[in-house]
Amino acid sequence: MRQRNDAPQTEKADMKILKVKHIAGCVAAAAIIIMANGCGTTKSVQKVPEATAPVAAPETVKETLPGRLPDGRDGFIITETAKMSAADRRAFQEAVTLLNTGTYAQAIEILEKITANAPGVTAPYINLGIAYARTDKGEAAEAQFKKALELVPGHPVASNECGLLYRKKGRFDEARAMYEQALAAYPNYYPAHRNLGILCDLYLNDLESAMAHYKVYTQAMPKDDKVKLWIADLQARMGGK
Amino acid sequence: MNPMHSTIDEKRCSPEPVLRLTWLRVAAIVLLIMVTSGCGAMGEKGTIGGLRHRTIKIEKAEIEGGLDKAMESYRRFLEETPDSALSPEAIRRLADLKIEKEYGTLTDGQRPVRSATAGLEAPNTGTPVKTMPIGGAEGSEDKNRPAPAPLKDKADAEFEKQATRSRPLPETAAEPLPGTEGGDDLAKAGPLEAIELYNRLLSKYPLYDRNDQVLYQMSRAYEELGRIDEAMAVTERLVREYPNSRYIDEVQFRRAEFFFTRRKYLDAEDAYKSIVRIGPGSYYYELALYKLGWTFYKQELYEEAQHRFIALLDHKVSIGYDFDQTEDEQERKRTADTFRVISLGFSNLGGAQSVVDFFEQNGSRSYENNVYQNLAEFYFDKRRYADAAASYTAFVERNPFHKKSPNFHMRIIEIHTAGGFPTLVLEAKKSFASTYGLHAEYWRYFDPKDRPDVISLLKTNLTDLANHYHASYQKPRKPADKPGHFKEALHWYREFLVSFPKEPESPGINFQMADLLLQNKSYAQAAVEYEKTAYQYPDHAKSSEAGYAAVYSHRKHLETATKETKEAVKRDVVRSSMAFVEKFPKHEKAAIVLGAAAEDLYTMQEFEKALAAGTRLIEQYPGAEKDIVRTAWLVRAHSSYELQHYGEAEKGYAQVLALLPAGDKSREGLVDNLAAAIYKQGEEANAAQDYQAAADHFLRVGRMAPTSKIRVNAEYDAAVALIQLKEWKRAAVVLTGFRKMFPKHELLPEVTKKIAYVYKEDGQLSMAAREFERIETESGDESIRKDALLTAAELYEQAKDQAGALTVYRRYVGYFPKPVDVHLETRNKIANILKAKNDRPAYLEELRQIVAIDAAAGKERTPRTRYLAGMGALVLAENDFADFKAVRLVRPVKRSLKKKQKLMKKNIRSFNKLLDYEMGEVTAAATFYLAEIYTHFSKALMNSERPVLTFDVHKVQPGETLSGIAKQYEADIGRIARENNLNKSRVIVAGKKLKIPRGLNPLELEQYELALEEQAYPFEEKGIEVHESNLKLIGQGVYNEWIDKSLQKLAVFMPARYAKPEERSGIVASLESYLYAIERPAPPEAAASGPGAEGSTAAPSEEPDGPLENPGAANSPQVGKAPETASEPPSPVAGVGQNPPEKPKEEVPNATAQ
């Protein structure tokens, strides 16, 4: 069998510090992410966009720990005070279970009630959006994600899921903005780097950006060999850059 | 009464004048005179005639024997006394006493009171003189006198005879005196002795100063004795010897009478004249004048006679006599006699003109009117009417402003009437009315208040004239006279009313005038006059009748009114009618008048007033005739309708209908009116958006007036209202009812539309669809037909009646090839239905039609038609593509390859043609399929049946299996089965001979494979290239499923470049917190940390959604199976709170291929 020309030519690509383009209008506060070369810690200086957060429900208090978790892991935590009845809490858990088993219609029914009862809580909106997206109800899904993002701007899950949704619909620029919004708030949310990289790679023909995000991603996920292949292929296509 | 006067007992009503000269001496004798008849005492100037009515008795009781004693005294004196100065006196007295004793005549120097003549009495002894019935103070009692009996000429002769005849002297006066009956000589002894005594005295004492008295007494004595000639001789001597005697006038008068009686007129004339000469101082003056007149008259010297009579009247006037006095009957009669003889005279002189001439020549007199009047009446008595009228006329003409003239004028009319001269009567009446109408000049000299008689006459005349002409108008001798009569009658009625506007008779006259005008068809004027009669006078008997007649006249006027005046006249009708009803509400015609007025008000569009009038009639005249009440209700209903009081109008029409006789022709129209009133209520409710009420009203039309014309609209509008209310079922009932009731109505198409709509809204889609089909058949409007068919088809579709929809769509495309876009859209729907039905040939045929029609549409081509055609063409191409794919390269490969290549060319051509549509979706699809053609062909080559060179024959042994045999020959089991036509069970029977293909040897085969690969590879490369070109469409803003599909294909062919699944975040399991953490190569200082370090937080983990398509299977024939994920399990973990983390999944392109 012949080898496809998309096979990686080099196993390791040089990692460079990239400056991630900020897409004006997506996120109010620009985030400059400084990637450390190779392995190790992501050194990131992050401005938390609290000041520009859309009006959140009073009971929601967003708290982010930039960069690194207290236990030293790479990540972050978002916490909020969810004012919700016990019944709704139980219902929420029931919905989570249903979603995990792919029982979307029932889950949607429950979550709609919960969002009606407790409109100030973020998680139910996100899950509802995901449920709609998976049942191919794009518009409903988008609406739910937007509500979640009003409560927690740049919420990585909402942004990422919404970015996926936009990409499937061919709304590539919106998808890009959505990912970048997530990364502005949570630069070390790596699925967004991966997804933004793919978007730039396959759909937007922005190979440089694709390269940058793949690299950030692969630094955080060194075991993901496929991405390394992608980087190699990309480098080849970019003329060995 | 003067007791000294002697009296004469006369017989009343004697046909002849009585002249009785009785000589009585009354010295020292008191006579008691008892008046037993007559009327008053005779005065100093009394006449003999004036005594005729008196009966005087001389009572002798107390003086019996007195005369004798006196005579005895005188006799003794003469006998005893020598002749002396007293002797003649004694003789005379003795003689007088002797006479007195015999005849009782008073003398003694007293003025003798005797009847001088019988002539004055004459006129009254005959037929009484008629007085003119001309009214006035003195004539008033004569009004009722019997009609005058005409006198014949002999009556005049009689008058003349009586008026002029004197009583014969003694020889004819045979009547014995009282106490002398028996006629013994002794009775005459006294007078004879007296005569003897007188003669003795005269002869013995010729110079006795009272000899004139002696002669006078002696003549009397002769006269008493009937020795007239001797008496006359004595008077002759007295006249001659004593012309200045105080007895001269009486004596002359006696003489004159004597001569007159004996027709010795010249002697009589002289005698009378001598008295006249004495003048009014003479007691006999008037009598003499009178008789002198007669004397001339007898000699036919009428002119002379008239002068004497007039002189007598002048004298009367001069002494203050009033001709109109009535107290002294005797005097009046005497005057009347005078006038009568004057009349006779003028009659003889030529009638009225002679009177005129007379007075012109001799000066006018204040009493001329009496002269004319008497002459006129004289003629009238003789039935000489023309002369009578001429007499009056002569006076009136000359004295128009004389007080009596109106009376005379009226008398003229009477005379003409009596004479039977209607024309003259009429002329006279007109003349009268003109002359004495209240505006005539006459009244400048008189105050009407002072002449009630004239006013009364005027009224009578005016009334007569008006009546006459009115009657003539009604029954003219000649039709041509009618206008003239009308004019005259009207004139005199007006004259009356102008002169007497407020008299008790005025309303009646006015009424008659109005009648006249009405009869003459002068309706407007008649109406005015009737109204005046009805309303401008105090209430009278005919007030209400006039009021009604006014209305009637106005109405007649209306009938003849011109177009221009009609409106005004109608207003008059109404005004008059309302006034009539107001003033005479109890008149029997009040209700009908009011009803008619109400009708008129309605036609005049005075709806408020018409309504009020109608209502009034209904309330005020409930017992009126049914027709009238019905009319009132009708006016009320119509007016209410016009005033938009539709509820009231409805009530009114219902009443009218209830009162209408069965079978009345107007019923139909009234039912329509009723319906309209109800209908309008519906409209009002509609306007107020009270659709429930509107529907109720409209439906009520059907119940209350099912036969009305407007019912159609009402039913329709009811349905519309029900539709507004969304009462679909009720609306459907009404509308379908409409269709049954009015199967040919022009609104039917609209109804059908509504039914269709109602069914549709009610969810009865199939029924709605059928209605829309019906709309198409009922309409001539192409656009409506089109819409209807499309709607019907859509409804069938909604009702899941695909057959119905298909039929209707096909009908549409059959009817309407244009416009192309709709036509193609419809064909597209047909195609969709066919596709759903799995009627593939028909489906494809429909698509071919779409493509062909679009291609031929020219300028009518639109983006949409292009799209439909493009999509259709795509399906057709896909169909060809399936055919192409179905061709397997089997032995003989050459043949099948040729077939496949042919199809491939066709396919490439087809898909390339799709690019002409220049539609992103179609282009992407075409590109995708072109790529697929190449990759498929490449794969087909690789999978083509390998060449077979020889066959072994193997006889199946019991217990052998096919796989065992294949293994034994190292042959492919499938090929063995195929070569031997084994069925799927691949059962083999012992003893059967199998053909065992013997392939190439390994070396040959390898060479064959290499050669094959060389052939196939460029097609695959080409396919990949085309897929990649599809991705370039993204850069042109095109992204769709075909591009995604190409991407998925490429992910298989070039996974390192294209198999790049995205990563999902996954479900959020916690309400309070979201934790994202990854394990990553820890820097030396943080090596201790790891995933799941936080016990309470589940470490996030990520898993792929599913396995990626095995890169090694990229060339496998498993085309069409979608790979689900293309990522390897990632190491990061993502977890949420205490909840178990969901496995994140990667999004991968949905790589499905057909």
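Tutor: Start with the secondary structure: chain B has 45 helices and six strands. Keep in mind that this is a predicted model.

Student: What percentage of the residues in chain B is buried?

Tutor: Chain B has 1154 residues, and 45% of them are buried.

Student: How do I read burial for one residue, say Lys753(B): is it buried or exposed?

Tutor: Count the neighbours: a residue is buried if 20 or more other C-beta atoms lie within 10 Å of its own. Lys753(B) has 22 C-beta neighbours inside 10 Å, so Lys753(B) counts as buried.

Student: Which helix holds Lys753(B)?

Tutor: Helix H32 of chain B, covering residues 748-761. From Lys753(B) to Leu735(B), 18 residues away in sequence, the C-alpha to C-alpha distance is 9.9 Å.

Student: What share of the contacts in chain B join residues at least 24 apart?

Tutor: Taking contacts between residues at least 6 apart in sequence, the share is 61%.

Student: How confident is the predictor in each chain?

Tutor: pLDDT gives that residue by residue. In chain B the average is 78, with 81% of the residues scoring at least 70. Residues 1-63 of chain B fall below 50, although the model gives this stretch 102 contacts beyond near neighbours in sequence. Residues 106-152 of chain B also stay under 50, with 111 contacts beyond four places in sequence. Chain A averages 76, and 71% of its residues score at least 70. Its residues 1-65 are below 50, with 129 contacts beyond near neighbours in sequence.

Student: What ipTM and pTM does the predictor give the complex?

Tutor: The ipTM is 0.77 and the pTM is 0.48.

Notes
Residues numbered from 1 in each chain as written. Chains lettered and ligands numbered in written order. Predicted model: local features only at pLDDT ≥ 70, side-chain atom pairs only at ≥ 80, totals over all residues. pLDDT = per-residue confidence, 0-100. Contact = placed C-beta atoms within 7 Å. Helix = DSSP H or I, 4+ residues; strand = E, 2+ residues; numbered from the N terminus. Buried ≥ 20, exposed ≤ 12 C-beta atoms within 10 Å, placed from the backbone.
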